[in-house]
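Morning, everyone. I have one structure to walk through today. Please look at the sequence and the model on the screen.

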Amino acid sequence: KHMGIILWIVFGAIVGWVASLIMKTDAQQGALLNVVVGIVGAVIGGWIMTALGEPGTTGFNIYSFLVALLGAIVLIWIVKALRR
């Protein structure tokens, strides 16, 4: 059970890090923020895909990674827009 939590944290960290590289915010956000962005991004991505009639995150696979990455990029974009 605890392994699942650890896996989601690692998954979130990787997603958040990749999203921060794509959005060029990696220098401003540390490892903890990458984890938060990745996990929140997975929720947002799942919500977006469900709204489009597609499945959200389905486990540890490339589809879920891309869904979470989409959500994380949207999250970073919103935060950047609000900071301006």
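First, a caution. This is a predicted model. So how confident is the predictor? The average pLDDT of the protein chain is 89. A score of at least 70 is reached by 96% of the residues. Among the elements, helix α1, residues 2–22, has the lowest mean pLDDT, at 88. Helix α3 has the highest, at 93.

Now the fold. The protein chain has three helices and zero strands. Along the sequence, the pattern reads α-α-α. Helix α1 covers residues 2–22, α2 covers 31–51, and α3 covers 62–83.

What about overall dimensions? The C-alpha trace spans about 35 × 30 × 15 Å along its principal axes. The radius of gyration is 12 Å. For 84 residues, a compact globule would be near 12 Å, so the two agree.

Next, burial and surface. Of the 84 residues, 33% are buried. The accessible surface comes to about 5400 Å². Carbon and sulfur atoms hold 76% of that surface. Then contacts. Take those with a separation of 6 or more: 58% of them join residues 24 or more positions apart.

On to the aromatics. How many aromatic pairs are there by the pairing rule? The count is four. I will show two of them.

Pair one is Trp 8 with Phe 11, and the geometry is edge-to-face. The centres are 5.2 Å apart, with 85° between the planes. Trp 8 and Phe 11 both sit in helix α1, three residues apart, so about one helical turn separates them. Are these two buried or exposed? Trp 8 has 33% relative accessibility, so it counts as partly exposed. Phe 11 has 10%, so Phe 11 counts as buried.

Pair two is Trp 8 with Phe 60, and this one is tilted. The centres are 4.9 Å apart, with 40° between the planes. This pair links distant parts of the chain. Trp 8 is in helix α1, while Phe 60 is in the loop between α2 and α3, 52 residues apart. Phe 60 counts as partly exposed, because its relative accessibility is 44%.

Trp 8, Phe 11, Phe 60 and Phe 65 form one aromatic cluster.

Now the core. In soluble globular proteins, nonpolar side chains tend to be buried together. Here, the largest nonpolar core has 12 residues. Among them are Phe 11, Val 15, Ala 19 and Met 23, along with Val 37, Phe 65, Leu 69 and Ile 76. Helices α1, α2 and α3 each give two or more residues to this core. Which helix gives the largest share? That is α3, with six residues.

Start with Leu 69. Leaving aside neighbours within four places in sequence, Leu 69 is in contact with Val 15, Val 18, Ala 19 and Ile 22.

Then Ile 76, in helix α3. Its relative accessibility is 5%, so Ile 76 counts as buried. Residues up to four places away in sequence aside, Ile 76 touches Ala 19, Ser 20, Met 23, Thr 25, Gln 29 and Val 37. For a distance, take Ile 76 and Val 15. They are 61 residues apart in sequence and 12 Å apart in space, C-alpha to C-alpha.

Is Ser 64 buried or exposed? Its relative accessibility is 0%, so Ser 64 counts as buried. Not counting residues up to four places away, Ser 64 touches Phe 11, Thr 57, Thr 58 and Gly 59. Phe 11 was also in the aromatic cluster and in the core.

Last stop, a backbone detail. Lys 24 lies in the loop between α1 and α2. Lys 24 is not a glycine, although its phi is positive, about 55°. Its relative accessible area is 70%, so Lys 24 is exposed.

To recap: three helices, zero strands. Four aromatic pairs. A largest nonpolar core of 12 residues, with its largest share from α3. Thanks, everyone.

Notes: Residues are numbered from 1 along each chain as its sequence is written. This is a predicted model: local features need pLDDT of at least 70, side-chain atom pairs count only at pLDDT 80 or more; totals for chains, interfaces and linings use all residues. Side-chain values use heavy atoms; hydrogens and water are left out. Helices (H or I, at least four residues) and strands (E, at least two) are DSSP runs, numbered from the N terminus. Buried means under 20% relative accessible area, exposed over 50%, partly exposed in between (1.4 Å probe, protein chains only). Contact means heavy atoms within 4.5 Å. The radius of gyration is taken over C-alpha atoms; the globule rule is 2.2 Å times the number of residues to the power 0.38. Accessible areas come from the Shrake-Rupley method with a 1.4 Å probe; for residues, only the protein chains shown count as cover. pLDDT is the predictor's confidence in each residue, from 0 to 100. Rings of Phe, Tyr and Trp (its six-membered ring) pair if their centres lie within 6.5 Å; planes under 30 degrees apart count as stacked, over 60 as edge-to-face and the rest as tilted. A nonpolar core is a set of buried Ala, Val, Leu, Ile, Met, Phe, Trp, Tyr and Cys residues joined through side-chain atoms within 4.5 Å.
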